[in-house]
Amino acid sequence: MRTVRPGLKGRLVPENRSLWRARRPGAQHRIVCFPHAGGGANAYASWARRLPEEVELAAVQLPGRQNRLAEGPAVDVGRLVREIVADLRPVLTGPFSFFGHSCGSLLAFEVARALQLRGGPRPDRLFVSAQSTPEVIWAGPKLHDLPEREFHAAVLSLGGFDEEVSADQEVMDALVPVVLADFQLWERHRVTTAPALESPITGLVGESDWRAPLETVKGWSEYTSAVFTTEIFPGGHFYLNEEGNDVPGFVGRTLLEA
């Protein structure tokens, strides 16, 4: 078992290739978070102090960012899912759930279904945040097909970048190709409703999100044989970063009250 230095206790830190974790001994539940397009595990770093004490945080790290910057972004969903399933083994013990934001919702769903097809363990709940159903994505216009400048503008309009970052052209030039690779990966990926996930699904929506409005999220009910619910928050595509929206608190309460 990996030991954590005292100064790192409670902080989200790398444990293996795909897994970051903020160890919380004695926790009753664990939430495994999957980042948005271009995002890394540290997108959830603040959750380590915002979740209820009874819930431990883990986050998925993808190739091409942060401590995996030297790797190219993923280009094959099947291979990516297999790698993540293998690397998440240390945190798939006891009660756990998955949370994915934007494209991370699709990855969380595919990992959950891969675990189910292997006979478990499976998450107690899947939270899909700011993500339309796969058939909406497949039928609609693809952001990755836009010309470079238009794609850049569309990504900025979604939010998620600090003003300082979005104003730094050099930084954006490094980030946008990773975001584009993620959109290419998921906008080209076909997801089927069968077999349905046996875990309940909760859809989280920003009320002014043009990318994933509520009516395009409700179809996730077809992807589970269990209960489907929705929760609406003020804000847009990155509502979870907006002041006043206690998303970790909502997630924690939902898990502990189940």
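How many cavities of 30 Å³ or more does the structure hold?

Modeller: The structure holds three cavities of that size, 30 Å³ or more. A cavity is a set of points on a 1 Å grid, over the protein atoms alone, where a 1.4 Å probe fits but cannot get out. Points join across faces, edges and corners, and the volume is the space filled by probe spheres set on them. The model is predicted, so local features need pLDDT of at least 70 and side-chain atom pairs 80 or more, while totals for chains, interfaces and linings use all residues. Residues are numbered from 1 along each chain as its sequence is written, and side-chain values use heavy atoms, without hydrogens or water.

Start with the largest cavity. About 80 Å³ of space lies in it. Its lining has 13 residues, each with an atom within 4 Å of a point. Closest to the centre are Pro-35, Leu-62, Leu-107, Asp-182 and Trp-186. Helix 3 (103-117) and helix 7 (169-187) each give two or more residues to this lining. Helices here are DSSP runs of H or I, at least four residues long, numbered from the N terminus. By class, nine lining residues are nonpolar, two polar and two charged. Nonpolar means Ala, Val, Leu, Ile, Met, Phe, Trp, Tyr, Cys or Pro; charged means Asp, Glu, Lys or Arg; the others, Gly among them, are polar.

Now the second largest cavity. It contains about 40 Å³ of space. Leu-106, Pro-134, Ile-137, Trp-138, Trp-186, Glu-187, His-189 and Val-191 line this cavity. Here helix 4 (134-139) and helix 7 are the elements that give two or more residues. Helix 4 supplies the largest share, three residues. Six of the lining residues are nonpolar, one is polar and one is charged.

Helix 5 (residues 148-158) packs against helix 7 at about 90 degrees, with their axes 11 Å apart. That makes the two helices roughly perpendicular, a label for angles of 65 to 115 degrees. Axes are lines fitted to C-alpha atoms over the stretch in contact, and angles run from 0 to 180 degrees between N-to-C directions. From helix 5, Phe-151, His-152, Val-155, Leu-156 and Leu-158 meet helix 7. Their counterparts in helix 7 include Met-172, Val-176 and Phe-183. Contact means heavy atoms within 4.5 Å. Nine residues of this contact are nonpolar, two are polar and none is charged.

Methods: 1 Å grid on protein atoms, 1.4 Å probe; cavity = no way out; pocket = protein on both sides within 12 Å on 5 of 7 lines; lining within 4 Å. Parallel < 35°, antiparallel > 145°, perpendicular 65-115°, else oblique.
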